[in-house]
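Welcome! Open your viewer, and let's take a short walk through this structure together, one selection at a time.

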Amino acid sequence: MGFWDLKAALEWQIACGVDEAIQDTPIDRTALEPAAKPTGKPAAAPEAVAEVDAVAIARHAASEADTLDALKATMEAYDLCDLKRGARQLVFADGQPGARVMIIGEAPGRDEDLQGKPFVGRAGQLLDLMFSHIGLSRETPDKQRALYITNVLPWRPPQNRDPLPDEMAMMLPFLARHVELIDPDVIVAMGNHACQALLGKRGITRLRGTWNEAFGKPVLPMFHPAYLLRTSAAKREAWADLLALKSRLTDK
Ligand code: URA
């Protein structure tokens, strides 16, 4: 291959979502599986491939999970979401399972994919700071002040692209089961994609700060901390939403 062919091959990989080289030497994957021996018989006509209902399979698998560990294992075994193939690992959750507040974000980014925990990059640091101002934390064992944090999607989308509707639809049964097992008093939906998944609505500027309901729980939509990092002026509304959350928790 000449320079231009190599450049085109590299660009094609980048377009497919590859964003870093993992090993110094390439693996010839075609050499790993021995080629099937010819049988001498004519090839059978291909059978009609049955349509796989990824959402129904996810719903069934999620319903069988009786504990958080079982749910995590079930999600790790679920193979129908292509994001799994591009991610380093499943990012399940962080914080305290007995928490009154469950935060649901969009999907892991690069830092979360590396560390295996949600909201650990810059947006996560802002999230921790924001909630610390109303006395809530993912670290504290005190259930009254604890947070539990997860995402709509447990695998990082390539190059942090937006989640696709079918990816959200097939992971939603796992999220619903996750909420059932945690049984929080309230859910905070971080940003548009979490609102789309939980409430079937978009338009975070209109939705934020207004109580909704999903999975039988009160849901407070808030601006995503990544948006707040880019738009400082919106921190004022975020602070109002944090106060609304605090007063809801003290009223109960
Ligand atoms: N953004 C999210 O929505 N979730 C994360 O875990 C990190 C960044």
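Start by selecting the ligand and the residues around it: Gly105, Glu106, Ala107, Glu112, Pro118, Phe119, Asn151 and His224. As you look, keep in mind that this is a predicted model.

Next, zoom in on the backbone. Which atom of the ligand lies 2.7 Å from a backbone N or O atom of Glu106? It is an oxygen atom. Move to Ala107, where a backbone N or O atom lies 3.1 Å from a nitrogen atom of the ligand. Then select Phe119, which has a polar backbone atom 2.9 Å from an oxygen atom of the ligand. How much of the ligand does the protein bury? Taken alone, the ligand exposes 240 Å², and the protein buries 91% of that.

For the last stop, look for aromatic rings, as the structure holds two aromatic pairs. Select Tyr78 and Phe174: their ring centres are 5.0 Å apart and their planes meet at 65 degrees, so this pair is edge-to-face. Trace the chain from each partner, and you will see that the pair links distant parts of it, 96 residues apart. Tyr78 is in the loop between helix 3 (68–77) and helix 4 (83–86), while Phe174 belongs to helix 7 (residues 165–182).

Technical notes
Residues numbered from 1 in each chain as written. Predicted model: local features only at pLDDT ≥ 70, side-chain atom pairs only at ≥ 80, totals over all residues. Heavy atoms only, no water. Near = heavy atom within 4 Å. Polar contact = N/O pair within 3.5 Å; in protein donor to acceptor, adjacent residues only side chain to side chain. Areas by Shrake-Rupley, 256 points an atom, 1.4 Å probe, with all protein chains shown as cover. Phe/Tyr/Trp six-rings, centres within 6.5 Å; stacked < 30°, edge-to-face > 60°. Helix = DSSP H or I, 4+ residues; strand = E, 2+ residues; numbered from the N terminus.
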